[in-house]
Amino acid sequence: MNWSRAKSILICSFLLLNMILGFQLWSTNRSNQIEVALDTSGNVEELNRALRSKNIRLTDELPTDIVKMKVITVKYDDSIKPSEQKLLKTPIIMSNLLGKGASREVQAQSEIPNFNLYQLDSIMSKKVNENWIYVFTQLYDKLPLFDVKVELNEKNGEITSYRQAYVEVESGVEQTEQKLIPAQLAVRSLVDNYLSEGSIITEVRLGYHGQPYNSQTQPMFPHWRITVDNKDIYYLQAFNGAVESPPKGSELTPFGQPAEGEKVENKDNPDNKSKDEKK
């Protein structure tokens, strides 16, 4: 037997097989990309039709990526009391926190624990009388934990006091990643079923949100937070599409924690197919 020739044939066969397998893999990936693009295009067209039919404007740019996320479990740091107003020994000049360049350095050097792990949430910030309350939300994997906040109290351009909630994300809890409802479908669901004609949608943001109840540990689910120009804020659970309407009559207890002795039902169940509504 000519071993040299046999070896050459085997090498050529393996190379040919690798080329065939590589082409099949490329073809499959290409097909999947085309399907995703077609799905996204269809969602965008349907959303645009729904917006036109109710004369609703969308001023925010929607992401088109197909994302997978999982439920996370967080534990509130009981050494930090969200209801406690704390005075700063050294006031912070608010303009230093609004600039992109120096803001992180200012946050890292401040007296507020772990403040560099938070990001300004302009939607939740508000003006009270002549002063502002600036809200920063804690980040996890670059996404906001909508219920975990620092509130900064501004007076004459300086931050003089604050309230804070802080959580640790538990790493030992295994959850399976699931595909999220695309932003286009989330907005369309709101347009079809909740928003009145002539509304303006000002922000659509992905993050984590959980129902408050009496526990230091709680799950947080991926949610689309959708803000309307009248300041109504809707949370749409990104696995099953359940919508949490804006509260009526009074604001939520700050920082996602119920008042002492209050019992709050946990509605945020991934198997819940109904539309949730806060009373």
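Predicted model: local features only at pLDDT ≥ 70, side-chain atom pairs only at ≥ 80, totals over all residues.
Q: Which residues line the second largest cavity?
A: Pro-63, Asp-65, Ile-66, Val-67, Leu-180, Ile-181, Pro-182, Ala-183 and Trp-224 line the second largest cavity. Its space is about 50 Å³, a volume being the space filled by probe spheres set on the points, which are joined across faces, edges and corners.

Q: Why is His-223 called buried?
A: Buried means under 20% relative accessible area, exposed over 50%, and partly exposed in between (1.4 Å probe, protein chains only). His-223 has 2% relative accessibility, so His-223 counts as buried. His-223 is found in strand 13 (residues 217-228); strands (E, at least two residues) and helices (H or I, at least four) are DSSP runs, numbered from the N terminus.

Q: Why is Lys-142 called exposed?
A: Lys-142 has 77% relative accessibility, so Lys-142 counts as exposed. Lys-142 lies in the loop between strand 7 (131-140) and strand 8. Phi of Lys-142 is near 70°, a positive value in a residue other than glycine.

Q: What makes Asn-156 exposed?
A: Asn-156 counts as exposed because its relative accessibility is 71%. The loop between strand 8 and strand 9 (158-164) holds Asn-156. Its phi is near 55°, a positive value in a residue other than glycine.

Q: What makes a set of residues a nonpolar core?
A: The members are buried Ala, Val, Leu, Ile, Met, Phe, Trp, Tyr and Cys residues, joined through side-chain atoms within 4.5 Å. The largest nonpolar core has 36 residues. Among those with the most contacts inside this core are Met-220 and Trp-224. Helix 1 (3-53) and strand 13 are among the elements that each supply at least two residues of this core. A second, separate core of 15 residues includes Leu-88 and Tyr-162.

Q: Which residues are in contact with Met-220?
A: Contact means heavy atoms within 4.5 Å. Leaving aside neighbours within four places in sequence, Met-220 is in contact with residues including Val-71, Leu-145 and Tyr-208.

Definitions and conventions. Residues numbered from 1 in each chain as written. Heavy atoms only, no water. 1 Å grid on protein atoms, 1.4 Å probe; cavity = no way out; pocket = protein on both sides within 12 Å on 5 of 7 lines; lining within 4 Å.
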